Amino acid sequence: MAKQTSDTTQQFNELRTSILAGDIKPFYLLFGKEHYFIDELCNAIMDKALPPEERDFGQVVYYGADVSAAQVVSTARQFPMMVSRQVVIVKEAQMMHKLEDIAVYFEAMMPTTVLVICYKTPNDPTKSSKSVDKRTSFYKQACKVGVVFESNQIADYKMAGWIEKYFPTRGLKIAPDAAALLAEYAGIDISKIALEVDKLLKLMPEGHRDVTVADIEANVGMSRDYTAFELSKALSYKDTAKCFRIVSFFGESEKRFPIQMTLAALSSHFLKLLRMHALQQAGVPRSAILSQMGINPYFAKEYDQALANYPVRKIMRVISLLREYDWRSKSNARGLATDGDLLLELVSKILA
């Protein structure tokens with residue numbers, strides 16, 4: 001019964017559709033770094049598994065730090081009282097001691113219980129990324145008896161495309177350049193995107209459903225003229241004047257535009273170009289390359305120009321420079337140079 005597919009969004013949509021249709025399974029293990037999908041599926045189960053009037057009697061919510069595996073198993077094996085079934089939710093299961101001990105429940109599962117385990121792997125790179133161990137008996141049995149959903153984060157270069165597909169599910173349509181701007185603002189934080197969509201729905205004029213760059217600038221607080229996305233674009237076209245104008249603005253607002261975030265965006269851009277060169281050399285058609293890389297045809301001209309301006313050897317040099325300046329920005333090797341000084345020097349070398 002386990003759901004296994006490499007496409008997290010597709011799997012999420014399929015699971016959510018089945019849950020909302022009332023197809024509730026007896027066990028769910030929801031885990032991974034993309035917490036938004038986990039929360040949405042958990043909320044859908046809580047909404048559909050029991051009618052509102054039965055939730056006081058039939059729904060139990062635990063938090064991993066406050067409950068043991070034995071308690072969860074004991075509760076899950078109880079018969080529901082005054083309701084047709086009970087729903088047992090364990091949130092923040094990553095905080096539970098010996099989560100794997102829940103595996104004993106699989107030996108005698110209650111057909112009248114829906115047990116949901118929500119395990120959020122830390123997505124902060126500065127913290128431990130311990131996740132559910134797929135080698136354990138707990139995981140292997142879970143795959144046999146219930147639904148296992150691994151919530152992977154969307155790759156940064158696919159975020160703009162994901163946003164374009166997400167907006168229609170909220171009754172909106174977003175222009176490709178507006179999606180790119182929002183992706184730069186939110187990064188790969190889908191929860192942040194969802195919050196901004198909620199804001200747009202409240203602030204935009206009634207009947208206005210087409211979201212433009214101007215709407216993002218007015219309601220989200222991003223300016224198209226001064227973003228890492230625009231810097232990447234200017235580098236693609238080798239627009240020297242625009243590059244230095246953006247870098248100068250970043251240098252004057254170092255807290256708002258920390259160099260590490262800019263370097264990460266530039267690294268993503270040039271790694272994408274490197275992948276595109278590899279696909280070109282493998283004989284993959286242009287349209288297929290755009291599709292595989294999650295690039296809207298709206299931006300195809302920019303990438304065509306970037307590939308012409310940066311052959312493979314030059315891209316490798318740029319990636320080396322980006323790594324060097326990332327190291328310098330984090331060490332005493334920067335000397336008295338500010339973030340703005342380092343970025344200006346870096347961009348000058350890339351354009352050379």
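Student: Which residues of α16 are buried?

Tutor: First, the ground rules. This is a predicted model, in which local features need pLDDT of at least 70, side-chain atom pairs count only at pLDDT 80 or more, and totals for chains, interfaces and linings use all residues. Residues are numbered from 1 along each chain as its sequence is written, and side-chain values use heavy atoms, leaving out hydrogens and water. Buried means under 20% relative accessible area, exposed over 50%, partly exposed in between (1.4 Å probe, protein chains only). Helices (H or I, at least four residues) are DSSP runs numbered from the N terminus. In α16, the buried residues are Asp339, Gly340, Leu342, Leu343, Leu346, Val347, Ile350 and Leu351. They cover an arc of only 160° around the axis, going by directions from the helix axis to the C-beta atoms, which puts them on the same side of α16.

Student: What covers the buried residues of α16?

Tutor: The cover includes α10 (228-237), α11 (240-252), α12 (259-281) and α15 (312-329), where contact means heavy atoms within 4.5 Å.

Student: How do I read aromatic pairs, and how many does the count come to?

Tutor: Rings of Phe, Tyr and Trp (its six-membered ring) pair if their centres lie within 6.5 Å; planes under 30 degrees apart are stacked, over 60 edge-to-face, and the rest tilted. That rule gives 12 aromatic pairs. In one of them, Trp162 and Tyr166 have ring centres 4.8 Å apart and planes at 15°, so this pair is stacked. Both Trp162 and Tyr166 are buried. Ring pairs also link Phe12, Tyr36, Phe37, Trp162 and Tyr166 into a cluster.

Key:
Helix = DSSP H or I, 4+ residues; strand = E, 2+ residues; numbered from the N terminus.
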